Amino acid sequence: MSGPPPGWGDGTRAVRAGEAPPVPGTPLRPSPVFAAPYHLGDLPPRAHGADAYARTEHPTSRVFETAVGELDGGRCLSFSTGMAAISAAVLALVSAGDRLVLPSDGYYTTRLLARDELERLGIRVEYVPTLEIAGVAARGDLDGARMVFLETPSNPQLDVCDVAAVARATRAAGALLAVDNTTATPLGQRPLALGADLTVGADTKALTGHSDLLLGHVSTSSDEVFDRLKGWRDHTGATPGAFDAWLGHRSMSTLDLRLARQAGTAAAVADVLATHPAVTGVRWPWRPEDPSYALATRQMLRPGGVVSAELADEAAVSRFLAATRLWVAATSFGGVHSTVDRRAQWGGDAVPGGFLRFSCGIEDTADVVGDLTAGLDAALGGGTAAG
């Protein structure tokens, strides 16, 4: 594969990533290959790089992985879901008795994985708030740690952690640093360039961006780490289907355009939320008033489309949703539709009942903002927001 030169812009890179040199008469983008076994002939399996069995090698997955790896700046392996990717990142590299540092306020299913599976297997899990992980690393409190797993910006509260600072500390301690980059995407942040050993993505969300796929990936610049991850995936079988991998690559082409619209809308949404009496606790790391603003603007490459805030309570959220047409209730984020998710209903996050994660879609910003205002006015009808 020959991808775009690194000096090209995000839009060009998103469209051209993973493409082979053009051959007259061939499609601009190869179609998915639907096959499980492949002809072996009279040669040993995988001789000269030939495919043998789709669980361990697949041409369509390779194209998707090449594309994502070019954006991440490393070698990529795709997985059937984001959680399969997170599981591989940890379990391929952390063993019983090892210490694993996890964000206590990150994606709650990662914490469920740790509580119900990793601890059961004898891994010593330590839960630290995102904003404190850099402090733990700076104090040299990583003795015995095998891996630090970051999620920045965190989901759902959008705290930002200094990846480069933590990377220096993990390297000094002989530990690995994995960064869940789902919220930022490879165009918004490049953890490998900041010193991380692995970058993980739930590609179900903004990377593919159409709310119709389950996909995940892990990228690394270490051949040793890549081989461990590849062995784990080959043995456990968490590979994506050919059509999903093909759709994921196709959907990536519009990533730059989608992120630009979503970020522009998020800026307007954050402004409305910050000035409306029904709302408290607005978080968007690219507002100058946000506590993560200085670090986000230094570390990240572009703003994102997710905003968090709090209404008074669950009843206020119900009034908001009843009065809106464009803000629909749904979990996940990063899709083309504007959605809102009351996180407390899932039971995994320590947030108030009226805490909301807003995921800005690609509808016209003025329409989304007008609909938001109508919903907030209705939410206020039953009382004021909690202080």
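Mentor: A residue is called buried when its relative accessible area is under 20%. The model discussed here is a predicted one.

Trainee: What percentage of the 387 residues of the chain count as buried?

Mentor: The cut-off just given, under 20% relative accessible area, decides which residues are included. Applied to the 387 residues of the chain, the share that counts as buried is 54%.

Trainee: Which radius of gyration does the chain have, and how many helices and strands does it hold?

Mentor: The secondary structure consists of 12 helices and 12 strands. For 387 residues the globule rule gives 21 Å, and the value for the chain is close to that, so the chain is as compact as a globular protein of that length. The radius of gyration of the chain is 21 Å.

Trainee: Is threonine 183 buried or exposed?

Mentor: The relative accessibility of threonine 183 is 16%. Buried means under 20%, so threonine 183 counts as buried.

Trainee: Which residue has its backbone oxygen 3.5 Å from a polar atom of the side chain of threonine 183?

Mentor: Leaving aside neighbours within four places in sequence, threonine 183 is in contact with Pro153, Asn155, Leu158 and Phe333. The backbone oxygen that lies 3.5 Å from a polar side-chain atom of threonine 183 belongs to proline 153.

Technical notes. Residues are numbered from 1 along each chain as its sequence is written. This is a predicted model: local features need pLDDT of at least 70, side-chain atom pairs count only at pLDDT 80 or more; totals for chains, interfaces and linings use all residues. Side-chain values use heavy atoms; hydrogens and water are left out. Helices (H or I, at least four residues) and strands (E, at least two) are DSSP runs, numbered from the N terminus. The radius of gyration is taken over C-alpha atoms; the globule rule is 2.2 Å times the number of residues to the power 0.38. Buried means under 20% relative accessible area, exposed over 50%, partly exposed in between (1.4 Å probe, protein chains only). A polar contact is a pair of N or O atoms within 3.5 Å; within protein, one must be able to donate a hydrogen and the other to accept it, and residues adjacent in sequence count only if both atoms are side-chain atoms. Contact means heavy atoms within 4.5 Å.
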